[in-house]
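Trainee: Could we go through this one together, step by step? I'd like to ask as we look.

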Amino acid sequence: MLLVIVIVAYTVPKLTDYSAAAVQKAAGEVLSALGDEAAEIESESEWKAFRDRWMARKNGILTQINDVWLKAAPKEAKREVGQQTNLLKTQVEQKVEGAKAWLRAPVFEVEHSGIEVLAADLEHYRLEKLQGVDITLPGVRRPIGAEHPVMRTWREIVSVFQKLGYSVAEGPVVETDYYNFEALNFPPNHPARDTQDTLFIAGQQSKPQRERLLLRTHTSPVQIRTMEKMRPPLRIVIPGTVHRNDPPDASHSPMFHQIEGLAVDTNITFGDLKGTLDHAMKALFGSSVKTHFRPSFFPFTEPSAELYVTCFICGGSGRRGAEPCRPCKQTGWIEVLGCGMVDPNVFEFVKDNGYDPRKVSGFAFGMGVDRLALLKYGVDDIQLFFQGDVRFLQQFG
Ligand code: PHE
């Protein structure tokens with residue numbers, strides 16, 4: 001026997017009973033028809049017909065519900081019918097959108113139900129996608145990054161001092177005039193404070209000088225900041241970024257890196273400074289390197305010196321074969337850092353934290369990381385460090 005089921009399309013009935021229960025029942029029928037019809041959709045054109053049947057402004061089911069139910073409702077039922085109509089409107093819209101998304105989704109032949117079926121469907125989908133992929137081709141090689149030569153030098157220098165028992169300290173790049181200059185014994189009109197060298201933050205003319213903000217020109221302000229926080233004895237290295245108002249060229253960059261060192265204890269002498277730095281230079285550049293100190297001046301050290309090492313390009317001869325050695329300007333010596341014994345005037349600023357200049361002494365030094373990286377790797381232009389050109393950086397991989 002053949003059983004034919006004829007699905008009669010839903011039509012909006014007139015409501016005779018406007019009680020809440022009756023309205024809800026009628027709305028339930030709308031929803032069940034909506035669900036049945038949505039489930040039958042198999043193509044784009046069927047979906048369009050479905051959308052228009054339910055949402056067309058002219059005579060769509062939603063419009064009919066509005067006309068036949070809401071407009072005809074007696075005053076006291078308007079509220080309930082209104083709410084139901086709104087609810088239906090949202091649900092119809094969602095169903096229409098949902099049916100469209102479903103149409104676009106990949107179609108699987110689902111023969112079973114349950115999670116294992118889902119897994120099988122995904123596998124099926126994956127295999128279909130894989131057709132056309134040549135699995136014998138080599139894979140995609142992910143480039144392995146290389147450490148930037150400046151950061152490598154930075155890390156090497158820091159680790160030489162860590163092995164000597166130094167800890168690492170850091171401080172802010174945007175600094176006050178007080179820490180960058182005043183507490184480091186720079187006299188009020190010292191030329192280094194000049195805007196020729198220092199990049200100041202704009203619009204601070206109304207502030208007292210010591211509070212004015214600037215980009216630190218060296219890592220030395222962290223000497224003071226650390227001594228304010230930690231009592232002696234102290235052994236620290238301070239790596240960081242610094243800025244100066246220098247136009248960029250082969251040996252200058254407005255931003256560069258320094259590593260500062262500070263040791264404070266009772267009875268620290270210039271001999272300790274020389275021994276420490278001699279050891280550090282040998283650790284960094286090789287044990288055959290010789291060191292040499294020449295008198296210099298810094299407001300925050302007294303006495304002060306510049307440290308030179310034998311040129312590790314020409315080995316101190318000043319020549320490379322028949323050619324003159326450029327990095328050391330044929331002198332056989334290269335200047336690598338500034339240093340000296342901490343000036344007692346600097347300790348005065350942190351005296352209350354145990355730094356009585358009559359009881360403690362110390363040494364400090366500061367070196368340019370980028371300059372040392374240039375020398376170490378034989379790079380002739382500092383700009384190459386900051387241009388981010390992968391062809392340059394790959395050479396250090
Ligand atoms: N801060 C100095 C500079 O930038 C270097 C230095 C540090 C000198 C510590 C002496 C002691 O030139």
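Trainee: Which strand does histidine 257 lie in?

Mentor: Before we start, this is a predicted model, where local features need pLDDT of at least 70, side-chain atom pairs count only at pLDDT 80 or more, and totals for chains, interfaces and linings use all residues. Residues are numbered from 1 along each chain as its sequence is written, and side-chain values use heavy atoms, with hydrogens and water left out. Strands here are DSSP runs of E with at least two residues, and helices are runs of H or I with at least four, both numbered from the N terminus. The run that holds histidine 257 covers residues 255-265, and that is strand S5.

Trainee: Is histidine 257 buried or exposed?

Mentor: Buried means under 20% relative accessible area, exposed means over 50%, and partly exposed is in between (1.4 Å probe, protein chains only). Contact means heavy atoms within 4.5 Å, and histidine 257 touches Trp154, Met367 and Phe386, among others, not counting residues up to four places away in sequence. Its relative accessibility is 10%, so histidine 257 counts as buried.

Trainee: Val369 is also on the list of residues that histidine 257 touches. What covers the buried residues of helix H11?

Mentor: Helix H11 spans residues 369-377, and its buried residues include Val369, Asp370 and Leu372. After H11 comes glycine 378, with a positive phi near 60°. The cover over those buried residues includes helix H6, helix H9, strand S10, strand S11 and S5.

Trainee: Now helix H1. Why are its buried residues on the same side?

Mentor: The buried ones are Ala22, Val23, Ala26, Ala27, Val30, Ala33, Leu34 and Ala38. An α-helix has 3.6 residues a turn, so residues three or four places apart point the same way.

Trainee: Which helices do the buried residues of H1 pack against?

Mentor: H1 runs over residues 20-39 and reaches 29 Å from its first C-alpha to its last, close to the expected 28 Å; the expected span is 1.5 Å times one less than the number of residues. The face turned away from the buried side carries the exposed residues Ala21, Lys25, Asp36 and Ala39. The buried residues pack against H2, H3 and H4.

Trainee: How many disulfides does the structure hold?

Mentor: A disulfide is a pair of cysteine sulfur atoms within 2.5 Å. For cysteine 314, the closest cysteine sulfur is that of cysteine 311, 3.6 Å away, so it is too far for a bond. Cysteine 325 is in no disulfide either, with the sulfur of cysteine 328 nearest at 3.7 Å. The number of disulfides is 0.

Trainee: Which residues come nearest to the ligand?

Mentor: Some of them make polar contacts, meaning pairs of N or O atoms within 3.5 Å; within protein, one must be able to donate a hydrogen and the other to accept it, and residues adjacent in sequence count only if both atoms are side-chain atoms. The side chain of serine 220 has an N or O atom 2.9 Å from a ligand nitrogen, while arginine 244 has a polar side-chain atom 3.0 Å from a ligand oxygen. Of the 14 residues around the ligand (a heavy atom within 4 Å), the nearest are His218, Ser220, Arg244, Gln258 and Glu260.
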